[in-house]
Amino acid sequence: MFKKLLAAFGAGSKTRADAPYAKDELNAVHKLLFADDAGQLFGDAPDVRVVQAIAQDATEESRVRLLAAQWLRTHGEPPAAPEVLGVVIEVPLDDSMDTLAAYADGRVRYIDQHGGTAVFEGAPGDVAQQAKTLVAAASAAYSGANPHKPKLAPHNGRMRMTILAQEGNRVLEGPLHSILGDALAKPVLEQGRRLLDLVVRPQDAQ
């Protein structure tokens with residue numbers, strides 16, 4: 001991602017802000033990475049205490065906990081134990097985008113600019129641990145991030161890091177030179193680079 005990123009930012013990306021990937025199914029997968037649309041997941045009238053318990057359950061999948069927290073916020077019930085549970089890094093490249101998502105439970109999702117995908121369900125151990133390290137870096141940056149998440153994907157030479165938290169998602173966004181010069185954003189980007197190195201390494205090296 002990051003070697004290509006340098007070249008892409010120099011040339012300027014033509015990524016579509018409304019649909020960064022050529023296939024609809026990939027755009028749908030991309031949206032799910034943010035875990036910010038609970039929809040009908042919990043039914044029409046769930047027990048608030050049950051949803052609250054899911055949001056607080058450290059053994060539950062991070063994205064499910066985020067969805068539970070989103071439902072609670074929407075219904076005027078702030079999560080009892082707000083936490084940062086993930087981060088999504090988006091880098092526009094040529095006519096598409098690289099997207100790397102990491103979660104506090106060690107799960108990882110990656111969509112490359114050509115539409116290739118990689119899914120890690122908390123294994124291997126070094127990938128899971130680096131995912132958690134990346135989320136910890138994002139957690140440290142959360143309070144200084146922008147609370148207003150844009151509706152469209154980043155474009156026009158900008159990259160974005162969306163920090164996924166039970167209190168609501170926040171964003172660090174800007175041109176590469178701004179990100180590298182930002183004391184909050186740079187550590188997140190660096191930990192993301194380390195995770196990506198593990199994600200894209202040859203299978204026989206894992």
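## A question to start

Which residue in β2 is the bridge partner of Val88? In this predicted model, that partner is Ala101.

Val88 and Ala101 are bridge partners in the pairing of β1 (residues 84–93) with β2 (residues 96–103), which is antiparallel and runs over eight bridges. Elsewhere on these two strands, Pro92 stands opposite Met97. The hairpin that links β1 and β2 has two residues between the strands, and Asp94 takes a positive phi there, near 50 degrees.

β1 also has β5 for a partner, again in the antiparallel sense, this time over six bridges. Here Ile89 has Met161 as its bridge partner. Zoom out and you get an open sheet of six strands, ordered β4-β3-β2-β1-β5-β6, with antiparallel pairing. The edges belong to β4 (117–121) and β6 (170–174); each has a single partner strand, so one side of each is left without a neighbour in the sheet. On average, neighbouring strands are turned by 10 degrees against each other, ignoring direction.

How many residues of β1 are buried? The count is 10 of the 10, so β1 is largely enclosed by the rest of the structure.

Helix α5 (residues 125–141) lies across β1 and runs at about 95 degrees to that strand. The helix also lies across the other strands of the sheet: β2, β3 (107–111), β4, β5 (159–165) and β6.

In soluble globular proteins, nonpolar side chains tend to be buried together. Here the largest nonpolar core has 34 residues, and those touching the most other members are Val108, Met161, Ile163, Val188, Leu195 and Val199. At least two core residues come from each of β1, β2, β3, β4, α5, β5, α6 (176–180) and α7 (185–199).

Leaving out residues up to four places away in sequence, Ile163 touches Val84, Gly86 and Val87, then Ala138, Ala141, Tyr142 and Ala145, and finally Gly168, Asn169, Arg170 and Leu172. There is also a second, separate core of 15 residues, with Tyr21, Leu26, Leu33 and Ile111 among them.

Note on methods. Residues are numbered from 1 along each chain as its sequence is written. This is a predicted model: local features need pLDDT of at least 70, side-chain atom pairs count only at pLDDT 80 or more; totals for chains, interfaces and linings use all residues. Side-chain values use heavy atoms; hydrogens and water are left out. Two strands pair if DSSP finds at least two bridges between them. Helices (H or I, at least four residues) and strands (E, at least two) are DSSP runs, numbered from the N terminus. Axes are lines fitted to C-alpha atoms, for helices over the stretch in contact, and angles run from 0 to 180 degrees between N-to-C directions. Contact means heavy atoms within 4.5 Å. A nonpolar core is a set of buried Ala, Val, Leu, Ile, Met, Phe, Trp, Tyr and Cys residues joined through side-chain atoms within 4.5 Å. Buried means under 20% relative accessible area, exposed over 50%, partly exposed in between (1.4 Å probe, protein chains only).
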